[in-house]
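Please read the report below with the sequence and the model open beside it.

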Amino acid sequence: MTACNLLPVQPVNPEPQSAPIEAAIPPPVAVPVPVPVSLVSDPNQEALAQTLRGYQSAQLLASSTESYGLWHLPLDLTRPDPYAHYPDDLYQVLRRNLSFNLDIDDKRVATQLRWYASHQSYINRVSDRASRYLFHIVAELQARDMPLDLALLPIVESAFDPFAYSHGRASGMWQFIPETGRMFGLKQDWWYDGRRDVVESTRAALDYLDHLQKMFDGDWLLALASYNSGPGTVRKAQRKNRAAGKETDFWHLDLPRETEAYVPKIIALAKLFKTPDAYGIVLPEVSTEPYFKIVQTGGQIDLAQAAALADMELSDLYLLNPGYNRWATDPDGPHQLLVYTDREQLFTNNIAQLASNERLTWGRYNIVSGDSLLSIAYKFDVTVDIIKDVNGLKGNLIRAGDKLMIPVASEKDTFYALSADSRLKVKQNAPASSNLTRIDHVIKTGDTFWDLSRQYKVSLRSLAKWNNMAPRDTLRPGQSLVIWVKPGASDSASTGATLSTSTSSSAENRQVVRKVGYVVRNGDSLYRIADKFNLRISDIQKWNVVSKYLQPGDRLTLYVDVTNIN
């Protein structure tokens, strides 16, 4: 363009080209010969110097106008699309919109990338699960104008398993612990756990991540580190670096080992999904169409009935609605389900024609001497509150000979294979093919995972895993735990336990026990606090290191049956 502006050139009709433009090979360009300094400085050689300058100008003009025959053609500013050879699927949408810096040269990223690149089967397994939920996550991220890189976070958290449960009590695809889940509006009760709800947990996770990135001035890597280890941990590491005159970005912080690997995993996955063929990985295709739609149920409904209304397998309905713990939806809501996109209208039409008495199957129970609401609830795998609500009972008093209406599952237990109880039984019976002996231990007041692991000489982690729990979960009196011991080990450790060759286990005790943080107030005493929460003073002392006299402002940890507080 400079030559065009500076040099007057007569129009020329270019010769027709016989080969494509991109194949044309220009002739060698003559490089102008500089005028020797000795000629310029010698007055006797001025004529020769002017001759050389003219020759140099002629060479420059020739080289500048050499391609003039192509100047009339439109300028092509397009570049080859580096992703054109990939399928036009949902991963392509991610690939074109990844925004994190993927040029980080850090050995932690390289280590994680090598692992992912050498496990094609893992990528296949994760993609299969992700295909149900990824469209919704990407759509939510786009609606909030958040980085699409975050759509890969459930791979690190749970491998896109909505039923995942960690030893730290984190649950669901986004791995919320109970406290953080409640902080972000995730309901958790006997019927339903919002931490596993696909739509609700995604909403809460993105709310939390957005909150964290604002806390760290838009630094998404620090937000991700905080999602893993807590913002307090990250801020503490920053203060330490700041005091030492060091950088305070993620890559320079001294964080817990898990967190130091956490962010590199996300960067490694982004690099892998951006150019999978560079690492020898083939990504399964994931549709760019929505996988599910939200439908309204209008109230509680048996999930087997709902699956029939949507013409879906019950196991598939559970995979889209993993938040429901039991055989039916929560009577107090949410009153909605996810169904396949193409079944939305079918379900809506069918449920509109469903009579109210067909939503649940009801059983009539004759009360006998010795029954209590707790024993009846235990027998039918429901809660005391449900029996009281259904039968209009205000208190706990019942009389032999009276009848109670009990909601019951419309199918056998095995039909609800992905309910909380069924998944627990699978876990509890997993070692049955080994040479271990099964023991059913009924929890007594004061029992802990630590004490039981020592009593039965098993590892703490295994004991929790067999019962689909975390080592820090609360044990409730009356609850039944399955313990697998070596032959002979049960002889000396059978107190409170029953040897069993059966694959069935007792139903859960229906106490609703929660961990409560209590701040001591003026006038409080151990006796007063124990009476208020229906606890024993010895239990409060066991859970806390307390002096003889409590002081206002002291903090106590209590494990309280929230349905039985004075």
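## Charged pairs

Lys 240 is exposed, with a relative accessible area of 55%, and Asp 254 is exposed as well, with a relative accessible area of 51%; here exposed means over 50% relative accessible area, buried means under 20%, and partly exposed lies in between, as found with a 1.4 Å probe on protein chains only. The model is a predicted one, in which local features need pLDDT of at least 70 and side-chain atom pairs count only at pLDDT 80 or more, while totals for chains, interfaces and linings use all residues. Residues are numbered from 1 along each chain as its sequence is written, and side-chain values use heavy atoms, with hydrogens and water left out.

The side chains of Lys 240 and Asp 254 meet in a salt bridge, with 3.7 Å from N to O; a salt bridge is a side-chain nitrogen of Lys or Arg within 4 Å of a carboxyl oxygen of Asp or Glu. Lys 240 lies in helix α11 (residues 231-243) and Asp 254 in the loop between α11 and α12 (257-274), so the pair ties together parts that are 14 residues apart in sequence. Helices (H or I, at least four residues) and strands (E, at least two) are DSSP runs, numbered from the N terminus.

A search of the whole structure finds 14 salt bridges. In one of them Arg 144 joins Asp 207, with the closest N and O atoms 2.9 Å apart, and this pair links distant parts of the chain, since Arg 144 is in helix α6 and Asp 207 in helix α9 (residues 198-215), 63 residues apart. Arg 144 and Asp 207 also belong to a network of salt bridges that includes Glu 200 and Arg 203. Another salt bridge is formed by Arg 196 and Asp 193 (3.8 Å, N to O), and both of these residues are buried.

## A buried arginine without a partner

Which side chain of opposite charge is nearest to Arg 132? It is Asp 128, at 4.2 Å, and Arg 132 is buried yet has no salt bridge; in this count Lys and Arg are positive and Asp and Glu negative, while His and the chain ends are not counted. Arg 132 lies in helix α6 (residues 120-144). Leaving aside its neighbours within four places in sequence, Arg 132 is in contact (heavy atoms within 4.5 Å) with Tyr 291, Phe 292, Leu 319 and Leu 320.

## Nonpolar cores

A nonpolar core is a set of buried Ala, Val, Leu, Ile, Met, Phe, Trp, Tyr and Cys residues joined through side-chain atoms within 4.5 Å. The largest has 110 residues, and among those with the most contacts inside it are Phe 100, Trp 174 and Leu 224. Apart from it lies another core, of 16 residues, including Leu 452 and Trp 484.

## Aromatic pairs

The whole structure holds 13 aromatic pairs, where rings of Phe, Tyr and Trp (its six-membered ring) pair if their centres lie within 6.5 Å, and planes under 30 degrees apart count as stacked, over 60 as edge-to-face and the rest as tilted. Trp 115 and Tyr 122 form an edge-to-face pair, 5.2 Å centre to centre with 75 degrees between the planes. Trp 115 is partly exposed, at 39% relative accessibility, whereas Tyr 122 is buried, with a relative accessible area of 15%.
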